[in-house]
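Hi,

Here is the structure I promised to pass on. Please open it alongside this message.

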Amino acid sequence: MTMPLKLGIPKGSLQNATIDLFKRSGWKINVNGRSYFPEINDDTIECALCRAQEMARHVENGTLDAGLTGKDWIAENNSDVHVVTDLVYSKVSARPARWVLAVTHDSPIKTIEDLEGKKISTELVQFTKNYFSQRNINVDVEFSWGATEAKVVSGLADAIVEVTETESTIKAHGLKIIHELMQTYTQLIANHAAWENPQKREKLEQIALLLRGALVAEKLVGLKMNVPEKYLENIVSLLPSLNAPTVAPLYNSDWFSVETVVDTSVVRDLIPTLLKHGAEGIIEYPLNKVV
């Protein structure tokens, strides 16, 4: 690659989760103090910290070749960028976040149509304006600098449009959700010039492949065990796996080594079952990537 890939890392709530994801994918990003240019153990990449809200704009205009930001902020900025891949991860959970419309519990507003002529407070101003305009509902949308939930509680707005993953903050303020506007998740994006550059495209495809592999691996673990021949068929039948488990004879014995990859959600029930049916020496181990 003649020039390093200029990659934007989202600063703020997604920063630590993004750096951890890259670490599991094979890249170590080191943020030094107040520097906006983290070090990375790859000479073909130059990193820069950038707020997720601004990332799409900087990628679109070429200040950055690529970056990670939310689908919501791409829509908010109406940015013309190439989406390399979707990456569902966050600081809280591995599921998409939601932008929702919320009002106080005693509010007479029950549907979005009830907001005709009302005021909405949100950080996602342009998208919210477009959303209601497309539905021919006239609303006054104003930008919120933070503490958005408090705006409707204090009467500064009739409703809010806010992002949530667990709804805990919304519920803690005595609010209720009456409508979902969109689901959002992180996307790896690139400007069109970088995507058309063969070397940079190859690097972006490598990054996308390994980041996706790390996210898949989060939900899986490896299992390895020893099984006597007389129990082998029964044990194999109990094992869920990506394809089929690996079975290999142990040296100079009638025992076999069985290895597989399973979803983390089944392990706590699966291990006791395997032991009951004759498996021994079960080892569970984490996975960094599954590609």
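This is a predicted model: local features need pLDDT of at least 70, side-chain atom pairs count only at pLDDT 80 or more; totals for chains, interfaces and linings use all residues.

Asp 65

Start with Asp 65, in the loop that runs between α2 (52-60) and β5 (66-70). Is Asp 65 buried or exposed? Its relative accessibility is 6%, so Asp 65 counts as buried; the cut-off for buried is under 20%.

What does the side chain of Asp 65 meet? One of its polar atoms lies 2.8 Å from the backbone nitrogen of Lys 6. Lys 6 is also among the contacts of Asp 65 beyond four places in sequence, along with Pro 4 and Leu 5. Val 59 is on that list too.

The four-stranded sheet

Now go to the open sheet of four strands, ordered β14-β15-β13-β16. Its pairing is antiparallel. β14 (246-249) and β16 (280-286) are the edge strands, and each pairs on one side only. From one strand to the next, the twist averages 15 degrees.

Look at β13 and β15 inside that order. Strand β13 covers residues 220-228, and strand β15 covers residues 255-263. How many bridges join β13 to β15? There are nine, and the two strands run antiparallel. For a landmark, find Met 225: it stands opposite Val 258 in β15.

A helix goes with this sheet. α10 (residues 264-276) lies across β13, β15 and β16. Helix α10 runs at about 155 degrees to β15.

Best wishes

Key
Residues are numbered from 1 along each chain as its sequence is written. Side-chain values use heavy atoms; hydrogens and water are left out. Buried means under 20% relative accessible area, exposed over 50%, partly exposed in between (1.4 Å probe, protein chains only). A polar contact is a pair of N or O atoms within 3.5 Å; within protein, one must be able to donate a hydrogen and the other to accept it, and residues adjacent in sequence count only if both atoms are side-chain atoms. Contact means heavy atoms within 4.5 Å. Two strands pair if DSSP finds at least two bridges between them. Axes are lines fitted to C-alpha atoms, for helices over the stretch in contact, and angles run from 0 to 180 degrees between N-to-C directions.
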